[in-house]
Amino acid sequence: MMARRILITMDDLEAAVRLNAAFEAAGFATSMVSAQDDAKAAVLRDDPDLVLLTGGLHEPAAARLLGLVRDGRVATLGLLEPTESDPAAVTYRMGLTAAVPKPADAVETVALCRRLIERKQLQERTGILGDHPAIQEVLIKIEQMAPVSSTVLIEGESGTGKELVARAIHDLSPRRARPFIAINCAALPETLLESELFGHEKGSFTDAVERRLGRFEIADTGTILLDEVGEIPPATQVKLLRVLEEREFFRVGGVTPIKVDVRVVAATNRPLREAMATGDIRSDLYYRLNVLSIYLPPLRERRSDIPLLVRRFIHEFSKLHDRPFRGIEPAALQMLVDSPWPGNVRQLRNLVESMVVLAPTSEIRPEDIPREVREQGRERLLPVKVPGMAREVTGQELTYIVQSLLDLRLQVEDLRRRLEEHPQRVEVIEVPHEAPDAEVLVGGGAVPSGGAALRGAEGQVRPGRGREAVVYESGMSMAAVERATIEAALAETGGNRRKAAEMLGIGERTLYRKLKEYEAGGGSISSLT
Ligand SMILES: Nc1ncnc2c1ncn2[C@@H]1O[C@H](COP(=O)(O)OP(=O)(O)OP(=O)(O)O)[C@@H](O)[C@H]1O
Ligand SMILES: [Mg+2]
């Protein structure tokens, strides 16, 4: 195996020399640099596994050096002066993986660095990021639990990484080359769930035209993830219990027992003990599932990991979407750190993706953060609700919704770009009141029969057979078009804001705010005066 590389800064020469000798003796490849000058070149040249800062943690040079390795791939260790009053704060502010007070014992420091590097490599391999002690504990557990075949129960709110952890356990286990099969137990009605899990024989029920293998059979010699295990109906629980106890089951409609060698990993959003207390989960099943357990804390309980996650996601998505991106302004990052994140890492990740795609500059600024996230601050947030849905939205749905919204925003962006590229060919036309929808014609399409397309200078409002027309002219900004539209609507409703807002399909408050903006920007709306 290649020797691990350590970069040691020489701020504290005594410590640097002493530790350098210890690292070399332990088989590491080391280089000593001065954080002031050649550190950047050294990072690029040596691609270190760990950067050890021996001092000067409060100097700008240290921050610059850390900035080079800050997307979290490289472990960083800082040596703190014994007088340092708040070591945890320094670690967090600098984004260090760990920090120890001076004088640092050489043997212990080498052992610590070895652990830090191994942990980082494990994180790269599993994709489970975070320096927070709770995440480090999760990683240790994964390493311990992966080699055995015992059942693991993973608990944590939606979007905290349960599936990621389940895959990591499989990937680090001797079963890694075998199947990993996931099934969401909440998504299917009872009969379908049973046939999904255990398979069915031909003719066992109306739709069973063929024999079908269940997930347990497909996962044989591998791992099965029973997602949302707390939602399994009682009758199925009994069958599942039997599989867990005997590693044996029957296909639906089958008479021969099927034996499988499957490692079971179960996941749940809702504490399973609670489900047991309410009688939704049998206690014998609970104890069978809860042999080994991993708890993933919500993101708001490990806010110190947010900067690292944000930077990593920015890096990932700017590469994916091929957008050169510098990063995020400190004030914007602070907003993200303070937000409550009811959807946890998934929500953060989706948000970063949308900002990387939509931010107009190459850096995320406070104003690029959606208002909902900005304003939530540290307030308690209600669970996400979709109108018309009685229950809470679960993680997968949330991802779907967020992705759809993102798609929609991308399409709007695209449309906007195309409008900007070919302005002269675009007309915004107000159609008569009887027609249901206004139309946007792209590429010089036909004017709807009853409609009127009146051309006026600078999108002015022209009276036309009892209605108003807004016409786009080359060089007009979106804001000007919007303003002209609002003016037209107000003219038509005789200055009645409520009706105008209704016609435009926007809230009265939005209309009011826009009018205020126009006033502030000079000039007033003619129809109001
Ligand atoms: N610690 C982490 N580091 C990096 N990415 C993470 C981490 N935790 C979660 N993610 C990412 O967040 C998203 C959601 O994770 P995952 O699907 O594992 O959550 P979950 O707990 O299974 O959620 P649900 O209960 O809604 O199914 C994924 O894109 C995952 O890669
Ligand atoms: Mg999941």
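Colleague: In which sense do β10 and β13 pair, and over how many bridges?

Modeller: In this predicted model, strands β10 (residues 223-227) and β13 (residues 263-268) pair in the parallel sense over 4 bridges. Pairing takes at least two DSSP bridges; strands (E, at least two residues) and helices (H or I, at least four) are DSSP runs numbered from the N terminus. T223 stands opposite R263 in β13.

Colleague: What is the strand order of the sheet?

Modeller: The open sheet of 5 strands runs β7-β10-β13-β6-β14, with parallel pairing. β7 (180-184) and β14 (292-296) each have a single partner strand, so one side of each lacks a neighbour in the sheet.

Colleague: On to ligand 1: which residues are closest?

Modeller: The closest are S158, G159, K162, N269 and R346, among 19 surrounding residues (a heavy atom within 4 Å).

Colleague: What is the class make-up of that shell?

Modeller: The shell has 6 nonpolar, 8 polar and 5 charged residues; Ala, Val, Leu, Ile, Met, Phe, Trp, Tyr, Cys and Pro count as nonpolar, Asp, Glu, Lys and Arg as charged, and the others, including Gly, as polar.

Colleague: Which helices supply at least two shell residues each?

Modeller: α7 (162-171), α13 (306-320), α15 (344-358) and α17 (395-421) do.

Colleague: How are the residues and chains labelled, and what was counted?

Modeller: Residues are numbered from 1 along each chain as its sequence is written, while chains are lettered from A and ligands numbered from 1 in the order written. Local features need pLDDT of at least 70, side-chain atom pairs count only at pLDDT 80 or more, and totals for chains, interfaces and linings use all residues; side-chain values use heavy atoms, leaving out hydrogens and water.
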